[in-house]
Each structure stands twice: as structure tokens, then as C-alpha cells.
Amino acid sequence: MSVPAQDFHILMEAPASKIFAVLVDLYGREIADKVAKEVIKPGVGPKVDWPKW
């Protein structure tokens, strides 16, 4: 992951509005729409294996 271990908490605490703005800016509205559809689904999201330092 390109985020240094000491800054990982900043990523995890970032507001959703900032994350979506970055997604739209870097990858376009289509990917942001796909993410939004997944986020609003009920239940727990997908399991993620976060980096271990």
C-alpha cells in the first residue's frame, strides 16, 4: 500500500465525501456509482485484508 504505516489512520478516518471526490476525480463517475451501490447495500461489507506492518 502506498500509504505509510504512520499515516494509515488518516486514510481510515477520512470522510466519505472526500473519498468519493477522489474516486470521481481519478477514475470517473462510473466507478464512484458502482462503489455507492455497494456501500448502500444492507449488511456487512466485503472482508478486506488490510496491510500489516
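**View 1. Ala 5 lies in the segment before helix α1.** Helices (H or I, at least four residues) and strands (E, at least two) are DSSP runs, numbered from the N terminus. The model is predicted, so local features need pLDDT of at least 70 and side-chain atom pairs count only at pLDDT 80 or more, while totals for chains, interfaces and linings use all residues. Residues are numbered from 1 along each chain as its sequence is written, and side-chain values use heavy atoms, with hydrogens and water left out. Ala 5 is partly exposed, with a relative accessible area of 35%; buried means under 20% relative accessible area, exposed over 50%, and partly exposed in between (1.4 Å probe, protein chains only). From C-alpha to C-alpha, Ala 5 and Pro 51 are 8.8 Å apart in space, and in sequence they are 46 residues apart.

**View 2. Val 3 is also found in the segment before α1.** The relative accessible area of Val 3 is 22%, which makes this residue partly exposed. Val 3 and Val 35 are 32 residues apart in sequence, and their C-alpha atoms are 21 Å apart in space.

**View 3. A nonpolar patch on the surface is formed by Leu 11, Met 12, Val 48 and Trp 50.** Together these residues have about 350 Å² of accessible area, as given by the Shrake-Rupley method with a 1.4 Å probe, where for residues only the protein chains shown count as cover. Patches are made of residues with over 30% relative accessible area and no salt bridge; like charges are joined within 9 Å, and nonpolar side chains (Val, Leu, Ile, Met, Phe, Trp, Tyr) within 5 Å. Met 12 belongs to helix α1 (residues 8–13) and is partly exposed, with a relative accessible area of 44%.

**View 4. Helix α2 (residues 16–27) and helix α3 (residues 29–39) cross at roughly 145 degrees.** Their axes come within 7 Å; axes are lines fitted to C-alpha atoms, for helices over the stretch in contact, and angles run from 0 to 180 degrees between N-to-C directions. On the α2 side the contact is made by Phe 20, Leu 23, Val 24 and Tyr 27, and on the α3 side by Arg 29, Ile 31, Ala 32, Val 35 and Ala 36. Contact means heavy atoms within 4.5 Å. These residues divide into 8 nonpolar, no polar and 1 charged. Here Ala, Val, Leu, Ile, Met, Phe, Trp, Tyr, Cys and Pro count as nonpolar, Asp, Glu, Lys and Arg as charged, and the others, Gly among them, as polar. Ile 31 of α3 is partly exposed, at 35% relative accessible area. The C-alpha atoms of Ile 31 and Gly 43 are separated by 21 Å, with the two residues 12 apart along the chain.

**View 5. Lys 34 and Glu 30 meet through their side chains in a salt bridge (3.4 Å, N to O).** A salt bridge is a side-chain nitrogen of Lys or Arg within 4 Å of a carboxyl oxygen of Asp or Glu, and the structure holds 3 of them. Lys 34 and Glu 30 are separated by about one helical turn, because they are 4 residues apart in helix α3. Lys 34 is partly exposed at 49%, whereas Glu 30 is exposed at 55%.

**View 6. Another salt bridge joins the side chains of Glu 38 and Lys 41 (3.0 Å, N to O).** Lys 41 counts as partly exposed, at 46% relative accessibility.

**View 7. The side chains of Asp 49 and Lys 47 also meet in a salt bridge (3.1 Å, N to O).** Asp 49 is exposed at 63% relative accessibility, and Lys 47 is exposed with a relative accessible area of 73%.
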